Amino acid sequence: MQRFHVHVNVADLEASIRYYHTLFGCAPSVREPDYAKWMLDDPRVNFAISQRGRAPGLDHLGIQVEQAEELAQIGARLAAADAVALAEQGTTCCYARSDKYWSEDPQGLRWESFRSLGAATSYYAPAPARTGDACSGPAVTQTAAPCCGPATTQASEPCCGPAKGAGADGCCA
């Protein structure tokens, strides 16, 4: 079964948690110093907010799946359309371990198709050592790479996405 995902950057996490608690009628299911998430069943949505120094507003949309086969089907459709910007396996992002495919729609809106593998103790994992051009090709696969999408450019959140190109350290320039 699939669940719609929305991730919003916020300027004031505590004020935003109070607002969404009121709107949804429940507290977040995950709460960290810089992040909160509601796993709602009505509507069926994974709604996340974070305060990580990015401009407030929509960060990305996504589709969360429960089974590996569901994610493989989405990945195959995206690959057939040459729409995969980044493929990740066992990555850590947003206090969760996941396998995922990142893509961008024609307007540049980032989409995350993912399957959660379990909780993590950090927002992202430390960047592994990279050699060569780790960001070339439309379907880059990183293992345990810390990334929250192909357009992430925060120095504190290493990312290797073909849309940004690799710097000397293999991370987004």
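Predicted model: local features only at pLDDT ≥ 70, side-chain atom pairs only at ≥ 80, totals over all residues.
In what follows, Ala, Val, Leu, Ile, Met, Phe, Trp, Tyr, Cys and Pro count as nonpolar, Asp, Glu, Lys and Arg as charged, and the others, Gly among them, as polar. A search of the whole structure turns up one cavity of 30 Å³ or more, and the volume of the largest cavity is about 120 Å³. Its lining is made of 13 residues, with Y35, C93, C94, E112 and F114 nearest the centre.

The largest pocket holds about 150 Å³ of space. Eleven residues line this pocket, and L71, E88, Q89, D99 and Y101 are the closest to its centre. Here the lining splits into five nonpolar, two polar and four charged residues. The elements α2 (68-80), β6 (84-93) and β7 each contribute at least two residues to it.

The helix α2 deserves a visit of its own. Its 13 residues reach 18 Å from the first C-alpha to the last, close to the 18 Å expected at 1.5 Å a residue. E70, L71, I74, G75 and L78 are the buried residues of α2. Viewed down the helix axis, these buried residues fall within an arc of 135 degrees, so they line one face of α2. Their cover includes β1, β5 (57-65), β6, β7 and β8. On the face turned away from the buried side sit the exposed residues E69, R77 and A80. After α2 comes D82, with a positive phi near 55 degrees.

Technical notes
Residues numbered from 1 in each chain as written. Heavy atoms only, no water. 1 Å grid on protein atoms, 1.4 Å probe; cavity = no way out; pocket = protein on both sides within 12 Å on 5 of 7 lines; lining within 4 Å. Points joined across faces, edges and corners; volume = space filled by probe spheres on them. Helix = DSSP H or I, 4+ residues; strand = E, 2+ residues; numbered from the N terminus. Expected span 1.5 Å × (residues − 1). Buried < 20%, exposed > 50% of the residue type's maximum accessible area, 1.4 Å probe, protein only. Arc of directions from axis to C-beta. Contact = heavy atoms within 4.5 Å.
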